[in-house]
Amino acid sequence: MSDVVVRCSGVTRTYQDNAVPVVALQGVDFVVKRGEFVSLAGPSGSGKTTLLNLIGGLDRPDSGTVEVDGVTLNDLSESELSDLRLHQMGFVFQSYNLIPVLSAQENVEFIMQLQGVAADERRERASSLLKDLGLASMAGRRPGELSGGQQQRAAVARAIVTNPVLLLADEPSANLDSGTTQELLELLRTLNERQGVTIITATHDPMVMGYSKRQVNLRDGEIVEDNSSRAA
Amino acid sequence: MSEAVAELPAQASSWSGFRSAQIGWRNLWRNKRRTWLTSGGIAFAILLVMFSMAMQHGQYAAMMENATTLISGHVQVQATQYIDSERFEHTIDEASVLRRQLLALPDVVAIAPRVEAFALVSSDERSFAAQILGIDVAAEAATVRLLDMIDDGRVPAGPDEAVIGEKLARNLDVAVGGELVILGAQKHGGVAALVVNVVGIISSGMPDLDRSLLLMPIAAVQNAFGLGDEVHTLAIRIASLEDSAAVTKQLASRVPADITVRNWNEVLPGLEQAIEVDRLGGLIMYGLIIILVTFSVVNTFIMLVFERTREFGMLLAIGMRPFGIVGLVLWEAFFVWLVGAAIGAGIAIAIILGLADVGLYMGEAMEAMAAQYYMPPRLYPAFTTEVLLVSPLILLLGTQLAALIPALRIRRLRPVEALRSE
Amino acid sequence: MPLKLLLQLSQRNLFRHRRRNIMLLLAICVAVAGVTVMNSLIRGFQYDMQEAAVANLTGHVKILAPGYLDDPNIEKSFALAHDWQPDLPADQLEGWAARIRIPAVIMSERETRGIQFVGIDPAQEHISFIGNATYTGERLASAADRRVVIGKELARQLETAVGRRLVLITQGLDGLNREAGFRIAGTYDAEGTGLEKQFVFTGITALQAMLDADVVTEVSIKFASHPKEFSIKQVFVEFFTGLDVLDWQELEPQAAAMFVFADAAVFIWFLIMMGALIFGLVNTLVTAVMERVQEFGMLRAVGMRPGAVIAQVVLESTLIMAVGIAIGLLLGWGFYLWLQDGIDLSQWAEGVELAGMRSLLVPRLLVEDMVLVAGLSLVFGILAALYPAWRAVKIKPLEALRR
C-alpha cells in the first residue's frame with residue numbers, strides 16, 4: 001500500500017464565465033500522504049475549491065491527472081466516479097446538506113445503505129458514532145430540528161461512518177460560530193490523530209488553518225506556499 | 001433579492017394598478033419553465049375545448065341543414081288533425097291559395113306542396129305497399145334535395161310517370177322503363193287506380209325511403225285519389241335556418257285555425273335530441289378538462305406562494321398590505337392565463353380557419369354512421385361567439401380562483417417568521 | 001441501490017409537501033375516475049347498441065339463401081330438416097331461431113302499409129327482441145298460431161286494435177300473390193317506433209301453410225359468449241354448404257362501425273384526460289426536483305449513481321400516480337355502482353334511437369378497461385417523470401457545494 005493518497009500532476013482547469021475563460025488552476029502538482037490534515041487556503045477565486053472538487057472526483061481537469069489511492073480519476077466514467085466517492089471518500093459540506101426528510105440517525109445510515117451494509121450493522125455503527133459525537137439524544141430528530149453545529153456534526157458523522165480513505169471538507173466552518181467551529185475542529189483533529197483519517201479542507205478561516213498540520217496557499221490557480229513544516 | 005423588489009415604489013401613494021400589473025408580469029418570467037407548463041395546460045384546455053366546440057357547432061349546423069333540406073324542409077305546414085293521425089282525408093283545403101299567400105312573406109324562399117298516400121303497387125308478378133308522394137317538381141327542387149337523389153333516369157314530368165325507391169324497384173323487379181299499377185283508396189271511399197311508367201330510380205341511403213317511396217306529379221295523384229286543390233303538407237324553405245323559430249311563429253299567425261305550422265325540431269324531434277345528448281357528452285368532457293387544468297394552476301400557485309414566503313415577508317416588513325400582495329399574485333395568475341389563452345386560442349383559431357375551406361374528412365368508417373345522423377362525410381368547424389368566449393372566460397375565472405386560494409395564506413403571514421423561513 | 005431506501009425517500013418527500021401533492025392526487029383521481037365512468041358509459045352504449053342490433057332479428061350469425069339480401073323473397077329460401085339443431089356445445093349457444101321473413105302488404109279497414117311479415121316459433125325467440133317485448137293482449141302461442149302480433153305504432157297507424165282482423169298480401173313460392181285474413185293476438189312495445197312499424201309476426205307453420213312452402217328464409221343463431229371471441233362461424237359455413245353465412249357485423253354494418261368507433265372513443269377519452277393532467281404532473285415534479293437541487297447534488301457527491309437519481313424521481317411520480325389511480329378507480333367504481341340502475345335518456349328517446357340505443361343507458365364496467373386505465377396511467381406517470389428526472393441527473397454534484 002502506497003503512502004500517497006492523492007497525487008495531482010500538472011492539473012489545469014479553465015471555466016467559462018459568461019463566455020470569458022477564467023483559469024481556476026494552472027499546472028498544479030500536489031501530493032497528499034496518508035494521515036495528513038491539509039488545509040487549502042487562499043482568497044476567493046484562488047482555485048482552492050476547484051482543487052478540492054477535482055480530488056473529490058466532482059469535477060474533471062482540462063489537462064493533467066488526478067490520482068486517488070492509486071486510481072487515475074481521469075479514466076473513470078460517471079458511475080465509476082460515483083462508486084469511488086461512495087466507497088473511498090467522505091464529504092463535509094459548507095451548508096451540511098443533510099437530507100431534510102430523514103432523521104439524524106437515518107442520515108448517518110444513508111451512505112451505508114447505499115453501500116449495502118446490513119441493517120443491524122448500520123444501526124449499530126450509526127448509533128455508536130452519534131453517541132461519540134454527543135448527538136445520541138438527537139438521533140431521532142430531523143435536520144430542521146437541529147442547530148447548525150449539531151447538523152454539521154451529524155454531517156461529519158455521515159462522512160466518516162464508512163471509514164473513508166479521504167475526508168474532504170469545503171468551508172466546513174462557514175456557517176458556524178467560533179464555539180461550534182472549535183468543537184468541529186477538535187473532532188476533525190481527533191479523527192485525524194486517533195484514526196489516521198486523511199483530511200483535506202478548503203477554507204479561508206484562520207481557525208481551521210490553525211488546526212491543520214499542513215497549510216497550502218493558492219493564488220490565481222497556482223500553489224504559492226506549501227507549509228508542511230508543522231507536520232513534523 | 002429579486003428584480004420585482006427593486007421595482008417597488010418608495011411611496012405607497014404612487015402605487016397603482018399598473019405598477020402591480022407590471023410587477024406581476026415580470027414575476028411571471030422568474031420561473032419560465034413553470035410559467036410555460038402552467039400556461040401550456042391552459043392552452044391545451046382552450047385549444048381542445050375551442051376546437052371541439054367549433055367542430056360540434058359545425059357538425060350540428062350541417063346536420064340540421066342536411067336533415068331539413070333532405071325532405072322535410074325547414075318548416076312544415078299541415079292540418080292539425082293530419083299531424084295527430086296521419087289520415088289521408090285530413091288535408092289542407094285551397095292549398096294553392098295558402099301557398100301563394102305564404103310565398104309572399106319575405107323570409108320564405110320556396111314552398112313544396114305534397115300529397116301523401118299509401119297504396120298497393122304492382123309490377124307483372126309482385127305487389128308491395130308504397131308511400132305515394134305527389135310533388136310539384138319545380139317547387140320540390142327549389143325547396144329540398146330529394147330529387148337530386150335520383151341516380152338513374154330523370155324526374156317525373158307527365159301524369160303517368162313515376163320515380164321509385166331503389167329497394168322497392170328491386171322488390172318489384174322493375175327498372176327504368178317498366179310499368180306499374182297503383183291501387184289505393186280515394187278520399188271518399190272510391191278506388192284510386194293508376195298505371196304509370198317508371199322513369200327514374202331514387203336511392204337516398206335511408207332504408208325507409210328506398211323501400212317504400214314512389215314520386216309522381218302532384219296533379220296526377222290529386223286526380224286519382226279524389227282530391228281537389230288539397231295537399232297534406234307544405235314543405236317550406238326559408239332564407240336562413242337560424243331564423244326558423246321566428247319564421248314559424250310568423251307563419252303560424254297567417255294560417256287558418258285548423259292548420260299547424262311546425263319548426264324543423266318538431267318535425268324531426270330525434271335530430272334535436274341527438275344533438276342535445278351529444279352536447280351533454282361534450283359538456284362533461286369540457287368540464288373535466290377544465291377541472292384538471294385548474295387543479296394544475298392551483299398547484300402552481302401553492303408552490304409559488306410557498307417559495308416566495310420569504311419575499312412576501314419582506315414586502316410585509318416594508319409596509320405593503322397583505323391584500324396588495326394577494327393582488328400581485330392575482331395579476332400573475334392573470335398573465336399566466338393570458339399567455340395560455342393567447343396560445344391555445346391562437347392555435348385553435350388557426351386550425352379552424354385552416355379547415356374552414358377544406359373541412360375535416362371523418363374517415364370511411366364514419367361515413368356510414370354519419371349518414372344515419374344526416375351528417376356529411378366532411379365536417380367544417382364553425383365560429384360562434386360561444387366558441388370564442390366560453391372556454392377562455394371559464395378558465396380565466398378558474399385561474400383567478402386557483403391563485404386566490406393559496407394566495408389567501410398571505411393574510412396569515414407574520415413578517416418576522418416569513419423572513420426567517422427557507 | 002436498495003429499492004427500499006429509494007421508496008422511503010420518495011414517500012417522505014411526497015409527505016413533505018402535503019398541500020401540493022394532495023392537489024396533484026386529487027387531479028389524478030378526477031382524471032382516473034372520469035375516465036372510468038366515461039368508459040363505463042361508452043361501454044354501456046356500445047354493448048347496448050350491439051345487443052339491440054343482434055336482437056333486431058339478426059343474431060350473431062345468420063344463415064340465408066344466396067341473393068336474399070338483395071331481393072328478400074320467398075323464392076330465396078331453403079328447406080331445414082325439422083329436427084335440425086346447431087352442432088355446438090350447449091354452453092356456447094344461447095339459442096337459435098328459424099324464420100320466414102318476407103315483405104308483405106298489410107291492410108286494415110282504413111289503411112294500407114308495407115311491412116316485413118315474419119313467421120316464427122315463439123319458443124325459439126328468446127334470442128330476439130320480440131321474445132322480450134311487452135305485450136298488450138296475447139303473445140303468439142306456438143309455431144302453429146294462426147294469429148298475428150303487430151307493433152303498437154303500426155296498430156296506431158292502421159287504426160286497429162287487439163282482436164280485430166287484418167288482411168296480409170304476400171307472394172307465394174309459385175310467384176302468385178296470396179291474400180289471407182289474420183286476427184290480432186296482441187300488440188308489442190319495442191321501445192321505439194322503428195321496429196314496431198316494420199315487423200308483423202305470426203306462427204311459422206301457419207305462414208308456411210299460407211305460402212304452400214315448407215321452407216325457411218333464415219336461421220338466426222345467438223352465442224352465449226361475447227361476439228368478439230367467437231370463431232364458430234366456420235362450423236356453420238361448413239354445415240350449410242351453398243347458403244350464405246353472415247355475422248352481425250356484415251348484417252348491421254352501421255352498428256359494427258359504431259362498435260369499432262366506441263373502442264376508439266375509450267382511448268381518445270383516456271388520452272385527453274391524461275393530456276390535461278400531464279401539465280400539472282410535470283410541473284409539480286420539476287418543482288420537486290428544482291427545489292432539491294442541493295440535495296440531489298449532495299446525493300451525487302456522496303456517491304449515488306445517476307441511474308439511482310432517475311429512479312428516485314420516477315419512483316416519486318409512480319408512487320403518487322399509483323395512489324391516485326387506486327383512489328380514482330375506487331371513486332369511478334363508486335360512481336358506476338351509483339349509476340348501475342341506468343341513466344334515463346327517455347327525454348331524448350327519439351334521438352338516442354337514431355344512434356341505435358335504448359333509452360335506458362346502463363353503464364358497463366369492464367375489468368380489462370380498468371386494468372388498461374391503471375396500466376396506461378402508470379406508463380403516463382413514468383413518461384411525465386422523464387423530463388424532471390433528466391433535469392435531476394443534469395444537476396452537478398458541484399452545485400451542492402457551491403451554496
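Student: How many residue pairs are in polar contact between domain 1 of chain C and domain 2 of chain C?
Tutor: In this predicted model, there is one such pair, with both residues at pLDDT 80 or more. A polar contact is a pair of N or O atoms within 3.5 Å; within protein, one atom must be able to donate a hydrogen and the other to accept it, and residues adjacent in sequence count only if both atoms are side-chain atoms. The pLDDT is the predictor's confidence in each residue, on a scale from 0 to 100.

Student: Which elements does the domain 1 side use there?
Tutor: Helix H2 (18-55) and H9 of chain C are the elements that give two or more residues to the side of domain 1 that touches domain 2. Helices (H or I, at least four residues) and strands (E, at least two) are DSSP runs, numbered from the N terminus. By class, that side of domain 1 of chain C has four nonpolar, two polar and three charged residues. Here Ala, Val, Leu, Ile, Met, Phe, Trp, Tyr, Cys and Pro count as nonpolar, Asp, Glu, Lys and Arg as charged, and the others, Gly among them, as polar.

Student: And where do the two domains of chain C run?
Tutor: Domain 1 of chain C covers 3-53 + 256-402, and domain 2 covers 57-250, with bounds that come from an automatic or database domain assignment. Their centres, taken over C-alpha atoms, are separated by 49 Å. Nine residues of domain 1 of chain C are in contact with 11 residues of domain 2, where contact means heavy atoms within 4.5 Å.

Student: What area do those two domains bury between them?
Tutor: They bury about 800 Å², and 53% of this is on carbon and sulfur atoms. Buried area is the accessible area (1.4 Å probe) that two parts lose on being put together, summed over both. On the domain 1 side, Gln50(C), Ala256(C) and Glu353(C) supply 48% of the area buried against domain 2 of chain C, more than any other three residues.

Student: Changing topic, which chains share the most contacts?
Tutor: Of the two pairs of chains in contact, that is chains B and C. Chain C brings 64 residues to their contact and chain B brings 60, and the two chains bury about 5,300 Å² between them, 62% of it on carbon and sulfur atoms. Phe279(C), Trp348(C) and Leu354(C) supply 13% of the area that chain C buries against chain B, more than any other three residues.

Student: How many salt bridges cross the interface of chain C and chain B?
Tutor: The rule finds one, and the side chains of Glu159(C) and Arg87(B) meet in a salt bridge (2.6 Å, N to O). A salt bridge is a side-chain nitrogen of Lys or Arg within 4 Å of a carboxyl oxygen of Asp or Glu. As for where chain C touches chain B, the largest share of its side, 18 residues, comes from helix H9 (residues 253-290) of chain C.

Student: Why would two side chains pair like that?
Tutor: Side chains of opposite charge can pair when their charged atoms come close.

Student: What about chain C and chain A, how many salt bridges are there?
Tutor: Across that interface the rule finds three, and one of the salt bridges links the side chains of Glu78(A) and Arg300(C) (3.0 Å, N to O). There are also 11 residue pairs in polar contact between chain C and chain A, both residues at pLDDT 80 or more. This contact takes 25 residues from chain C and 28 from chain A, and the area buried is about 2,500 Å².

Student: How far apart are the closest C-alpha atoms of chain A and chain B?
Tutor: Those atoms lie 10 Å apart, and no contact joins the two chains.

Student: Where is confidence lowest in chain B?
Tutor: Confidence there is lowest in helix H1 (residues 3-6) of chain B, at a mean of 45, and highest in strand S8 (residues 213-217), at 95. Over residues 1-14 of chain B the pLDDT is below 50, although this stretch has 21 contacts in the model beyond near neighbours in sequence. Chain B as a whole averages a pLDDT of 86.

Student: How should I read the numbering and the cut-offs?
Tutor: Residues are numbered from 1 along each chain as its sequence is written, while chains are lettered from A and ligands numbered from 1 in the order in which they are written. Local features need pLDDT of at least 70, side-chain atom pairs count only at pLDDT 80 or more, and totals for chains, interfaces and linings use all residues, while side-chain values use heavy atoms, with hydrogens and water left out.
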